[in-house]
Amino acid sequence: MFLAGFGGVIVIPAITDVTMAALCPGLDQCSLAIYLTGFQHAMIGVGSVLTTPLIGNLSDRYGRKALITLPLTVSLIPQVASGYVLMSCVYAAILAYSRDTKFYYAYYVVKTLAAIAGEGSFHCLALAYVADKVPVGKRASAFGILAGVGSASFVGGTLAARFLSTPLTFQVASVFSMIALVYMRIFLKESAPMSQPLLKESEEPCIQQSEDDMQQKTFKKLPSMGDVICLLKCSPTFSQAAIVLLFNSLADGGLMAVLLYYLKARFQFNKNQFADLMMISGIGATLTQLFLMPILVPAVGEEKLLTTGLFVSCINIFVYSIAWSSWVPYALAGFSVLGVLVRPTITSIASKQVGPNEQGMVQGCLSGITSVANIISPLIFSPLTALFLSEDAPFNFPGFSLMCLGLILMTAFFLSLMIRAAPPIVGDKVSSNRCTDTLV
């Protein structure tokens, strides 16, 4: 988790400057860069909607380790390519504008395709792995600690990005991604039992079975959308948590797509300021998830932590939208530490609603919901941000799109107030047909 997170985060502060230099050299505001970033997030979301539930469900049958290999492998492709492609992109600023653009678009396409295949799957499988190893009562704290390790990689990556040159940043990212893959294959132990083969030893060979029967057995191994719908219908707690996650992910996806461009246009921030902000918020998130969350969960409960995190995040975005000075984002970065409690508490609440052999399915379902939000949100808020940062804005409010994101988070906050604690499920909920019995 740390190695893969470090390799992914270290390039984030630099990519905004690289994009602006490639598409709109010398400018602090670029509508094309915002549109392309939003389109990329949307396309990645489309791919993740299809892949994460599939991979999560298959990991319940074939084991977590085998499926974790896929996202770690595909994440290597853009990292290795960017070490060479973006090096040329940055240092080719003195050359023709079209050459810069070609180099950038090469990375853009490779990154998008690789993220479609693997983004979201790794975190989904990591959560399922932890759920396999940790008892139900300690699961929320374990998810918080896992998120804290991710935040620690966030801090390490942004700190390294603060002092490394842009070309070296992408080379270091590719090295860490390679180490993560090799370490996982050598040292990580399998957690979920491998699936049974299609034929038991006592059965006759496949040649004596009809082709239709074999296809039927094969496709039964694939995840069923009906299983997910059944789970949403028969578990009110899970469905409420899923709706809250949808609204929270809409806000997060929009914020991820537009915030850095907003700060660059509003206060002329660059790679170093972006790294400083990310490092402040990352340190706070790490301390909160590693040390504060394990104490608060038993004392307060997951539901109250969820509502607190959503409320703090909501206030944060509202203040971002009316930021009046360059020091305001720094203050908000330190104030936002409680917002990191949202995702671990939602995953813990949802994890308790299914049995041990359905953790991959439920985490894949949550990742799929996040991916749906990542499709919708950039398509709405990237054009809206570009409009209100341009000279053609209907009225003078550069942070209008952020204000709208704050309203979405406020909706998630009010919805979270309706979630009530439910007893954890011991056996498998969907595969045991108890869901069907409930519906009947």
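This is a predicted model: local features need pLDDT of at least 70, side-chain atom pairs count only at pLDDT 80 or more; totals for chains, interfaces and linings use all residues.
## A nonpolar patch on the surface

Let's start on the outside. Six residues, V175, I179, V182, Y183, I186 and F187, make up a nonpolar patch on the surface. Taken together, they have about 600 Å² of accessible area.

One member of this patch, F187, belongs to helix α8, which covers residues 166-187. Is F187 buried or exposed? Its relative accessibility is 52%, and exposed means over 50%, so F187 counts as exposed.

## A buried leucine

Now find L76 in helix α4, which covers residues 64-91. L76 has a relative accessibility of 14%. Because buried means under 20%, L76 counts as buried.

Which residues does L76 touch, leaving aside those up to four places away in sequence? They are S174, S177, M178 and L181.

## Aromatic rings

Across the whole structure, a search finds 13 aromatic pairs. A pair of aromatic rings is described by the distance of the centres and the angle of the planes. F400 counts as partly exposed, because its relative accessibility is 24%.

Rings can also join into groups: F267, F269, F274 and Y330 are linked into a cluster by ring pairs.

Technical notes: Residues are numbered from 1 along each chain as its sequence is written. Side-chain values use heavy atoms; hydrogens and water are left out. Patches are made of residues with over 30% relative accessible area and no salt bridge: like charges are joined within 9 Å, nonpolar side chains (Val, Leu, Ile, Met, Phe, Trp, Tyr) within 5 Å. Accessible areas come from the Shrake-Rupley method with a 1.4 Å probe; for residues, only the protein chains shown count as cover. A salt bridge is a side-chain nitrogen of Lys or Arg within 4 Å of a carboxyl oxygen of Asp or Glu. Helices (H or I, at least four residues) and strands (E, at least two) are DSSP runs, numbered from the N terminus. Buried means under 20% relative accessible area, exposed over 50%, partly exposed in between (1.4 Å probe, protein chains only). Contact means heavy atoms within 4.5 Å. Rings of Phe, Tyr and Trp (its six-membered ring) pair if their centres lie within 6.5 Å; planes under 30 degrees apart count as stacked, over 60 as edge-to-face and the rest as tilted.
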